[in-house]
Each structure stands twice: as structure tokens, then as C-alpha cells.
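Here is a short tour of one model, meant to be read with the viewer open.

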Amino acid sequence: MTDHWDRPGWTPGRRSFHWFLTFDSPALRDLAATCQEQLRTADYLDPVPADGLHLTLRRLAFTDEIDTATVAAINRQVSDQCRHLPAFPLRVGPLAGSRGAIRFTVTPWEQLIELRGILDQAAAACGLPDAPRRFRPHIGIAYCNRDVPTTPIIRQIAALRDLPPIEIQVEDLHLVQLYRHGRTYRWGTEAIAPLSTPDLPTGAPRSESRQINAQPLHGPTHDRGRAGTPPPRPAPPGAAAVV
């Protein structure tokens, strides 16, 4: 495995706009905590806090590489498209891994790929470059903090792959400002793009996009992740990287 945190562009305090799925699911938190407890002896893994669990759909750009008007235009386009798509369930599990993280497999992918396509189209329409990495949906529970051989962790993960998967519901997309606090990701929510929910009464209006952060783009946000630490100030521009 390789060091997840060794990525160009992530200078101290720098932030990046991402589209996330976030989950208020006790079942997901419990499953993640069970796996993290069994992996606690692997000191090269940094566990994701319970309120930091997320699924990344797409990164837009570092906050110092994109202006407020472009972010707002992308949010409007995404929200207009998503309001016509139904909410849907995701199956989470079994546990798997990549070169830089331990993560849950999620299925099915069809709706996630559709959402990713909407995000790509909105970004392209506003002049942003194509997303450079293959999209493989997952929910990370730990990040690797140095280069290590894989054999020991493969054995540990194999013992956890028979845990029963859980189901979560996807009801909206979150546009967030992501940043690092030590070896943990934190974020502030900029806007929420709801999906259509089937339980609305007949004739009830659909939800509109909700703008969460009324401050300037580099101002304070409603932070998720490790609590009790104020957000760092943005750093000067640097080389871009995908997270």
C-alpha cells in the first residue's frame, strides 16, 4: 500500500470543492466501527471518524482555482437535473481495499454513474476540465499513511468480508469544501441538491437546492469530521490533484 496523504496540491489549509454523498446511518457507523476495531493494530491506517464517512462522486477544483459564479452555475445545473431523479438505496459491503485506503464496496452502480454523468456534464458546460480518474464508487473507512506490504492487511480484511452488508438511502448530493486536519478529512457543506422522494403528498412542491453557506467561498462553513478544531486558512495556489 502507498501513502494516501502524499498527493500534490494539498498544501496546508488548502480546500477543494467536491460533490459528496453523506450518510446519517447508525447501521453504517456501526459496521465501520466494527471493522475499524478489528484493524486497530495496523498503525499505518488512519480511521475515518464516524461523522466523516462519505462517498465521493466528483471533485470540481481547489477553491482558489474556481470563482463563485462558476460554482453557483454548476450547483444550479446539478440541482435542476437531480430534482427529477428518484432517491435510491445502496448496499454497503463487503470490505475491500485499494493502494491507499480500506473501503466498503457499494452496489448497485447504475444510479451513481448517472449522478456522476450529471456532475461531469455540468462541470464541462462551465468550462472545467474532465475528471482525470476512473470512477469507482466506495466508502472509505481508513487511509494508509505510509508505504507498507499488503499481505498482513489482506489477511485481516479477509476475516471481515463475511460481515452482513447494510443498506443506506441516498436522498441528496452535497457540494462541500474539503480540507485536511492532520490525517483526517473535514468539510463544510456549501449546498445540497435533493433527489425526488416518493413519499411527498400529491401536489406537494419538490425540494429546491439548499444553499448552506452564506459566507464567501473561503469563509467559515458547517464543518464535518473531527470536531473542536477551527478550519485553517486557505493556502496559496499550488498544483492540482484529484482526491
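## The core and its surroundings

The largest nonpolar core holds 66 residues, and those touching the most other members are Trp19, Leu57, Ile102, Phe104, Ile139, Ile141 and Leu173. A nonpolar core here is a set of buried Ala, Val, Leu, Ile, Met, Phe, Trp, Tyr and Cys residues joined through side-chain atoms within 4.5 Å. Helix α3 (residues 110–125) gives this core its largest share, 6 residues.

Before going on, note that this is a predicted model, in which local features need pLDDT of at least 70 and side-chain atom pairs count only at pLDDT 80 or more, while totals for chains, interfaces and linings use all residues. Residues are numbered from 1 along each chain as its sequence is written, and side-chain values use heavy atoms, with hydrogens and water left out.

Helices (H or I, at least four residues) and strands (E, at least two) are DSSP runs, numbered from the N terminus. Buried means under 20% relative accessible area, exposed over 50%, and partly exposed in between (1.4 Å probe, protein chains only). Strand β3 (residues 54–62) has 8 of its 9 residues buried. Its partner β1 (residues 16–22) runs antiparallel to β3, with 7 bridges between them; strands pair if DSSP finds at least two bridges. In this pairing, Trp19 sits opposite Arg58 of β3.

Leu57 is in contact (heavy atoms within 4.5 Å) with Trp19, Leu21, Leu112, Leu115, Arg116, Leu119, Phe135 and Leu173, leaving out residues up to four places away in sequence.

| Side of α3 | Residues |
|---|---|
| Buried | Leu112, Leu115, Arg116, Ile118, Leu119, Ala122, Ala123 |
| Exposed, turned away from the buried side | Glu110, Gln121, Ala125 |

The buried residues fall within an arc of 155° seen down the axis of α3, so they line one face of the helix; the arc is taken from the directions from the helix axis to the C-beta atoms. They pack against β1, β3, α2 (68–82), β4 (88–97), β5 (101–107) and β8 (172–180). Just after α3, Gly127 has a positive phi of about 90°.

## A buried loop residue

Asn145 lies in the loop between β6 (138–144) and α4 (151–158). Is Asn145 buried or exposed? Its relative accessibility is 12%, so Asn145 counts as buried. Its side chain makes a polar contact of 3.0 Å with that of Asp46. A polar contact is a pair of N or O atoms within 3.5 Å; within protein, one must be able to donate a hydrogen and the other to accept it, and residues adjacent in sequence count only if both atoms are side-chain atoms.
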